[in-house]
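This report describes nonpolar and aromatic features of one protein structure. Please keep the model in view while reading.

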Amino acid sequence: MRETGFCLLACLMLTGARASLYAQSTVPAPDTVSSSPSFADARSVKMEQRLETISSSLEAAHQQLEQSRKEILQLQRELLLIKEQLAATQPVHSEQSRAGNDSVDTAKATASAIEDLQERQQTLEEQVKLHEQTKIESGSKYPVRVTGLILFNSFINKGIVDNIDLPEVALSASNDSGDGSAGAGFRQTILGLEGFGPRIVGAKTSADINLDFFGGLAYGTTATSAGIVRMRTASINLDWDHDSVQAGMVEPLISPLSPTSYATVAEPSLSGAGNLWTWSPQLRYAHQTPLQSGRQLQVEFGLWDPQTAGYSTNLVSRSPSPGEYSKQPAYESRISYGTAKDFYGNSASQHPLQIGLGGYYSRQSYPYGASLDTWAVTTDWRVPFNNHFEVSGEGYRGRGLGGLGGGVYKDILVGISPVTGQNSYRGLNAIGGWTQFKTRFNQSIEANVSLGLDDGFAGDFHTLQFPTTATAVQLRARNKMVVANLIYRPKTYIILSPEYRRIWTSPIYGAGATADIFTLSAGYQF
C-alpha cells in the first residue's frame, strides 16, 4: 500500500506538470508578453525551477520507496526466521494437521515477533535513558558505576538455630529455647562501587568495593532487624590480555563457586556444610592460555592472610591470629580449564564450562608454643549439559580449615591426652563438598537443588578426652544441609525467591539436632 501511494503521487505530479506546460504553450499570450523577450526568459526559468522541484520530489519518493522495500524484506526475513524456530521446537505433525494449524502458527509467530520487538524497544529506551543520566563525578575523572541489591528476607525457622537471620547449624532444644522463630529484615542488602581507570604499563585498571549491613546489630529498639555496615569485598585489578594481578579482600582462590541463593547472601549458601569460603586480604596472579573453540587454560597463584574461626573476639582492637603469629602468609594455587572470559570476568557463553583443581597451605602458631600445618586440596566444577540444565559444585580434603568453614568452623581440637593426662591439641582433619543441580525453565524462572556436607574425622576426636565444660562448638563433628529454591524474575531487575532448607548437625557424642527453614526473598537489583 505504501509503494502504491507513492507511485500515484508521482504520476499525478507528472501529469500536472505536463498539463501546465501544454497550457502555457497553447494559450495565446497578450501583446505585451509577445513583444517582451525578457519576460519569456523569466517564464523559462520558472518552468525549469518547477521541473527541478518535480525531479527532487520524484527522487525523494524513489528513496522512500526503496527504504520501504528494504523494511518489508527485513520483516519478511524475521518472520521466516521465527517460523523456522517455531517449527524446530514443535513436534512434527502430519501434512494435513500442519496445513490446518498454519494460520494459528502464523498468528502465534506474529504475536511473538511483536512482543520481541517491544522488548527490544524497551531495552533501547532504557539504554538511552542511561546515557542521558548525569554520570557520577569522581576525583580521577574516570567512570564510576554504582551497583547493588536491595534485598528483603522473611523467614520461619522450625527448630533452634545459631542465627535466625542466616542459620548454619542446628542446636539442641532446651527447656527455655522454644521450638522456632520467625522474622524479616533488610540486613543482606548490598551496595557497591566500581571504578575504571587508565592503562598502566599496558594493563587496564579497575577497582571495586561491596558493602552490606550484616556487620552486627544496631543498638536500640531496631536491633532485631537493623544492621551495621560491613565491608564484604574490595579489590584493585590490573588486567592484560592474558595476565592479571589482583590485590583485594575476596573469596578464596581455591573455592571460587557458591550455590545460587537469595536467602543466604551475607554468607554463601551451604557455609559450614561443605562450602569453603571467607573474604580475606589476598594478592593474586593469573595467566590465561587461549585454546581452541573459545576455551582457555588458567594458572593462578596467591598469597593471603587467612581467617581463623572465632578468634577475633575484641571489638576495639585486632590481635594476631594463629596464621599471623607464624609471620608468613598462606599460599594458594589453582589450575583450571573452561570457557574464556573477558576483562570484566564475563564469559562469551551464557552457560560456561569450568573445571578446576586447587591447593592451599598455611602455618599456624599459637601463643603457648604449639604450631600446626594446615592444608587443603580442592576441586570445583561447573558443567552445562544444555541451555536448561547445569551441574556445579566443589569438594575438599584438608586439615585446620575452620577459618574457611571446614570442620564445622574448627581448626583444632583441644582436650586432655589419655596418655599423658595433660592438656593437648590436635589439628582437625575434614572432608566435604557440595553440588548443585540447576534447571532453567526460561529466561525468567529457574530452580536449584543443592546438597552439602562437612565431616570432621572421628579419629581426631577420639584421640582426646573432652571435659564436661566443652562447648557444643568443640563437639560438633558433622554438618549437612539440603537447599531447594525457585528464582523468578518477572523483569530483569526484580527478584522473587521462595526457599526451603533443612540442616542436620551431629556432635561426636550424643544425639544430633535438625532444623527446617522457610524463606521468602524479594529483591531489586541495580
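## Terms and basis

Buried means under 20% relative accessible area, exposed over 50%, and partly exposed in between (1.4 Å probe, protein chains only). The model is predicted: local features need pLDDT of at least 70, side-chain atom pairs count only at pLDDT 80 or more, and totals for chains, interfaces and linings use all residues. Residues are numbered from 1 along each chain as its sequence is written, and side-chain values use heavy atoms, with hydrogens and water left out.

## Aromatic pairs

Rings of Phe, Tyr and Trp (its six-membered ring) pair if their centres lie within 6.5 Å; planes under 30 degrees apart count as stacked, over 60 as edge-to-face and the rest as tilted. Seven aromatic pairs are found in the whole structure. In one of them, the ring centres of Phe152 and Phe186 are 5.3 Å apart and the planes stand at 50°, so this pair is tilted. Phe152 is partly exposed at 30% relative accessible area, and Phe186 is partly exposed at 46%.

Trp304 and Tyr360 form an edge-to-face pair, with 5.4 Å from centre to centre and 70° between the planes. Trp304 is buried because its relative accessibility is 3%; Tyr360 is buried too, at 7%.

## The largest nonpolar core

A nonpolar core is a set of buried Ala, Val, Leu, Ile, Met, Phe, Trp, Tyr and Cys residues joined through side-chain atoms within 4.5 Å. The largest one has 12 residues, including Trp434, Met481 and Val483. Strand 21 gives the most to this core, with three residues (strands are DSSP runs of E, at least two residues, numbered from the N terminus).

Conventions:
Helices (H or I, at least four residues) and strands (E, at least two) are DSSP runs, numbered from the N terminus.
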